[in-house]
Amino acid sequence: MPFAVEEQVFKHDVVVLGGGLAGMRAALEAARGGANVAVISKVYPTRSHSVAAQGGINAALSENDSWTDHAFDTIKGSDYLADQDAAAALCRDAPGDILELEHMGVVFNRTEDGHLAQRPFGGAGFPRTCFVADITGHAILHVIWEQLTKACITSYTEWQPQVRSY
């Protein structure tokens, strides 16, 4: 027997699909630009697959390293299939992004003299991986989630596509 269900209408300037690190970071940046933002996620955002990123996050922070070397390693590691302009932008911005994450509250490992610790990882030609023990993704994910909460970004969690039959 057919029945009517009252439909709800939600209004936002920006809707981000996916509550992992990339989605939450995009939502945060859109909100900083003044948009009314919502994140839609199939899982609660702090349970996204981003928690599995254990090893770390790369940035050329040392004076003996450069963003161009980082970009070359990134492009070479992709077997030259990566969008080279996007890889260059990612690597050029990475040092500032790491410092921004640290200022948000990510507690990266440090050397004895207080600098951000970096270790070799993957196919990098230089030790440029910043890390939080072996829970880097987990640590960053929770800090970004805190920032979304602080910015009052709407989150629709555990949403699944609805199939209607009549």
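**Figure 1. Which residues does T136 touch, not counting residues up to four places away in sequence?** The partners of T136 are A53, Q54, G55, G56, I57, C130 and F131, where a touch, or contact, means heavy atoms within 4.5 Å. T136 belongs to helix α4. With a relative accessible area of 2%, T136 is buried; that label means under 20%, exposed means over 50%, and partly exposed lies in between (1.4 Å probe, protein chains only). You are looking at a predicted model, in which local features need pLDDT of at least 70, side-chain atom pairs count only at pLDDT 80 or more, and totals for chains, interfaces and linings use all residues. Residues are numbered from 1 along each chain as its sequence is written, and side-chain values use heavy atoms, with hydrogens and water left out.

Figure 2. The protein has 4 helices and 6 strands, taken from DSSP runs (H or I, at least four residues, for helices; E, at least two, for strands) and numbered from the N terminus. If you trace the elements from the N terminus, they run β-α-β-β-α-α-β-β-α-β. The C-alpha trace spans about 70 × 35 × 30 Å along its principal axes. Buried residues make up 31% of the 166 residues. Among contacts with a separation of 6 or more, 65% link residues 24 or more positions apart.

**Figure 3. Strands β1 and β2 sit side by side in this view.** Strand β1 covers residues 14-17, and its parallel pairing with β2 runs over 4 bridges; strands pair if DSSP finds at least two bridges between them.

**Figure 4. Now meet an open sheet of three strands.** The strand order in this sheet of 3 is β3-β5-β4, and the pairing is antiparallel. At the edges are β3 (57-58) and β4 (118-119), each of which pairs on one side only. Between β4 and β5 (residues 129-130), the antiparallel pairing runs over 2 bridges.

Figure 5. Rolling a probe the size of a water molecule over the atoms shows where empty space is left. A pocket is an open set of points on a 1 Å grid where a 1.4 Å probe fits, with protein on both sides within 12 Å along at least five of seven lines; lining residues have an atom within 4 Å of a point. The largest pocket holds about 610 Å³ of space, counted as the space filled by probe spheres on points joined across faces, edges and corners. There are 25 lining residues, and those closest to the centre are I57, N58, L90, A94 and I98. Two or more lining residues come from each of α1 (21-32), β3, α2 (67-77), α3 (84-104) and α4 (136-150). Helix α3 gives the most, with 8 residues. By type, the lining has 12 nonpolar, 7 polar and 6 charged residues (Ala, Val, Leu, Ile, Met, Phe, Trp, Tyr, Cys and Pro are nonpolar; Asp, Glu, Lys and Arg are charged; the others, Gly among them, are polar).

**Figure 6. L101 of helix α3 is the focus here**. L101 is buried, its relative accessible area being 9%. Leaving aside neighbours within four places in sequence, the contacts of L101 are I57, V106, F108, I140 and I144. Take a moment to find I144: although 43 residues separate it from L101 in sequence, their C-alpha atoms are 8.3 Å apart in space.

Figure 7. In α2, the buried residues are H70, A71, D73 and I75. Their cover includes β3 and α3. An α-helix has 3.6 residues a turn, so residues three or four places apart point the same way. After α2 comes D79, with a positive phi near 55°. Y80 lies in the loop between α2 and α3; its phi is also positive, near 65°, in a residue other than glycine. Y80 counts as partly exposed, at 46% relative accessibility.

**Figure 8. The last stop is the loop between β5 and α4, where A133 lies**. A133 is a residue other than glycine with a positive phi, near 45°. Its relative accessible area of 40% makes A133 partly exposed.
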